[in-house]
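I opened the sequence and the model side by side and kept notes as I went. The entries are in the order in which I looked things up.

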Amino acid sequence: MNRTARVKRSRRLDPLSLAGLGCLLLLVLVALGSLVHAGGDPDAIVGPRLRPPGPGWWLGTDNLGRSMLPRVMEGVGTTLLLSSAAVLVTAALSAGFGILAGYRGGYLNELIMRVVELLYSFPAIVLAILVAAVAGPGQLAAVASIVLVTIPLMTRLVRAAAVAVAERDYVTAAAISGAGLPRILGRHVLPNVAGTIAVQGTYALSVGISVEGGLSFLGFGVQPPQASLGVLIRQGGTYMMAAPWLIIGPGVVLVLAILSINVLGDGLRDRFEPRETRSLI
Amino acid sequence: MILDLTDVTVSFTTGPPLRRTRLDAMRGVSLSVAEGETLGLVGESGSGKTTTSRVALGLQRPTSGTVRFDGRPFPRRRKDLAGRMQAVLQHPHWSLNPRMRIGQSVGEPLAVLGKAAGELVPEALEQVGLEAGFAGRYPHELSGGQRQRVSIARALITRPSFIVFDEAVSALDVSVQVQILNLLKDLQAEYGFAALFISHDLGAVRYVADRIAVMRGGEVVETADAATFYSAPEHPYSRQLLESL
Ligand SMILES: Nc1ncnc2c1ncn2[C@@H]1O[C@H](COP(=O)(O)OP(=O)(O)OP(=O)(O)O)[C@@H](O)[C@H]1O
Ligand SMILES: [Mg+2]
């Protein structure tokens with residue numbers, strides 16, 4: 001195997017991924033805007049009920065006469081916040097378990113991988129409902145569900161990356177020099193699997209958004225009056241025929257969020273890991 | 001003797017469960033390396049050279065047989081040997097952590113010992129013919145030959161009594177190989193470390209080794225002084241290797 005020639009990779013993201021990044025940042029900005037009621041007060045009654053989009057209520061009004069714009073803005077914020085919090089937890093746990101399993105191998109590896117496979121074998125939404133049943137519906141259930149749904153694949157891929165890194169000569173040389181486990185894992189393995197963690201974390205974020213959407217849609221996640229994209233879609237569903245804008249607004253934003261994050265993930269993957277890896281979706 | 005392997009066998013079981021096969025990567029290998037001496041270990045791919053080096057470095061426990069480093073069996077805690085043996089390994093591309101600056105990589109064995117690197121890193125770089133300014137660079141900014149020089153600097157910085165070179169020059173151009181081999185000889189003359197120099201290239205080994213051991217299929221078939229070996233090899237396999245040179 002003579003791969004001395006380095007795979008050429010660009011430092012910058014391609015235009016499509018940059019567009020994804022831009023779109024994601026825009027959504028974050030929108031979410032932050034909702035904190036200062038930039039789109040209006042989400043709880044204020046602004047007009048007649050179930051009005052189609054128009055001046056004063058650019059995304060229409062809901063069944064109580066509230067403007068959908070500030071509600072969608074608040075919903076984006078809730079969804080992004082819960083998903084990112086969950087992904088941070090997933091990234092930390094996956095990094096820890098994946099690196100340890102990949103570097104140490106043996107029984108620890110077996111144990112960690114069995115648990116991961118068990119989790120992996122549950123369909124995401126079943127897992128999420130089980131969590132909601134145990135923890136009770138709410139934000140905690142949403143976060144815990146996202147963690148449990150995203151942790152198996154991320155741990156597997158981090159482990160695979162760690163196995164590859166562990167075989168490299170610089171790790172062996174460090175071990176020969178007498179470097180202990182903390183130094184080897186912290187200085188050598190972690191920095192060299194960080195790209196995988198970043199890429200998979202991005203994909204996990206989009207999975208997190210769809211899990212939150214699904215769970216709240218089913219009524220097991222975020223609870224009204226708090227808005228999240230899932231909550232809004234659930235509420236809009238009731239009036240789908242009479243007022244389709246109630247579902248279109250949050251629906252489009254949800255798809256936009258997932259798409260832009262996946263595109264960004266693909267760009268990061270090409271940047272950090274030139275070889276093919278599979279996205280979560 | 002700095003290193004003594006006596007009747008060492010290493011067996012691996014490979015393959016899927018139920019159809020496991022046993023493979024002896026080393027079979028009854030006895031070798032020794034004296035202080036300041038270079039033992040050249042040659043043999044074709046898969047003959048067990050790397051396994052032998054892993055045993056010599058205490059990374060691989062023998063299935064049977066004994067290993068002594070500096071007259072004693074390997075300590076239970078790896079840390080007790082820190083700094084006393086080092087290695088320069090095969091692949092210039094993977095021999096240095098791409099996320100660490102050269103200076104950090106070179107100074108790492110000292111950091112492991114809890115010693116301050118201070119002036120030692122630039123000194124070590126100069127010893128292997130690199131400017132002190134290389135300390136601030138990353139591995140991808142270096143050529144293969146420069147990277148192997150860095151690996152040598154890293155290995156030397158704790159003044160170990162034993163260094164393993166496993167195919168340390170094999171991936172380099174011939175002209176660069178010669179430079180590195182010359183450097184090795186100079187450094188060894190200056191610091192007197194013992195070395196296990198592994199290569200499938202008899203030409204490179206001839207350059208640096210005081211004694212030669214030939215491996216084939218996990219066994220050592222011949223051990224001889226370099227001069228004797230290259231003029232009058234005893235084993236038919238050694239002759240065969242020399243003829244193909
Ligand atoms: N961890 C392992 N598990 C199973 N088999 C192994 C392992 N390590 C080495 N082997 C086998 O042991 C034999 C000797 O391998 P080794 O790496 O020591 O050869 P080598 O002489 O260094 O070869 P090369 O010149 O290609 O580096 C090979 O057949 C190899 O497949
Ligand atoms: Mg080898």
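**Ground rules.** I am working with a predicted model, in which local features need pLDDT of at least 70, side-chain atom pairs count only at pLDDT 80 or more, and totals for chains, interfaces and linings use all residues. Residues are numbered from 1 along each chain as its sequence is written, chains are lettered from A and ligands numbered from 1 in the order in which they are written, and side-chain values use heavy atoms, with hydrogens and water left out.

**Confidence.** I looked up pLDDT, the predictor's confidence in each residue, from 0 to 100. Chain B averages 90, and 100% of its residues score at least 70. Within chain B, the lowest mean, 86, belongs to helix H8 (residues 236-243), and the highest, 95, to strand S3 (residues 38-42). Helices (H or I, at least four residues) and strands (E, at least two) are DSSP runs, numbered from the N terminus. For the model I noted ipTM 0.90 and pTM 0.87.

**Chain A overall.** I found nine helices and zero strands in chain A. Its C-alpha atoms fill a box of roughly 75 × 45 × 30 Å along the principal axes. Of its 281 residues, 50% count as buried; buried means under 20% relative accessible area, exposed over 50%, and partly exposed in between (1.4 Å probe, protein chains only). I then checked contacts, meaning heavy atoms within 4.5 Å. Among those in chain A between residues at least 6 apart in sequence, 70% join residues at least 24 apart.

**Helix H8 of chain A.** Which residues are buried in helix H8 (residues 229-237) of chain A? I listed Leu229(A), Gly230(A), Val231(A), Leu232(A), Ile233(A) and Gly236(A). Their cover includes helix H2 (68-104), H7 and helix H9 (245-272) of chain A.

**Thr202(A).** This residue is found in helix H7 (residues 181-217) of chain A. Is Thr202(A) buried or exposed? Thr202(A) counts as buried because its relative accessible area is 11%. Leaving aside neighbours within four places in sequence, I found Thr202(A) in contact with Ile261(A), Leu264(A), Gly265(A) and Leu268(A).

**Ligand 1.** I counted a residue as near when one of its heavy atoms lies within 4 Å of the molecule. There are 13 residues around ligand 1, and Ser45(B), Gly46(B), Lys49(B), Thr50(B) and Thr51(B) come nearest. By class, the shell has three nonpolar, seven polar and three charged residues. In this scheme Ala, Val, Leu, Ile, Met, Phe, Trp, Tyr, Cys and Pro are nonpolar, Asp, Glu, Lys and Arg charged, and the others, Gly among them, polar.

Next I looked at oxygen atoms of ligand 1 beside the backbone. A backbone N or O atom of Gly46(B) lies 2.8 Å from one, a backbone N or O atom of Gly48(B) lies 3.0 Å from one, and a polar backbone atom of Ser47(B) is 3.2 Å from one. A polar contact is a pair of N or O atoms within 3.5 Å; within protein, one must be able to donate a hydrogen and the other to accept it, and residues adjacent in sequence count only if both atoms are side-chain atoms.

Strand S1 (3-14), strand S2 (21-33) and helix H1 (49-56) of chain B each give two or more residues to the shell around ligand 1. The largest share, three residues, comes from H1(B).

**Asp186(B).** I placed Asp186(B) in helix H5 (residues 174-191) of chain B. Asp186(B) counts as exposed because its relative accessibility is 53%. Asp186(B) and Val128(B) are 58 residues apart in sequence and 9.8 Å apart in space, C-alpha to C-alpha.
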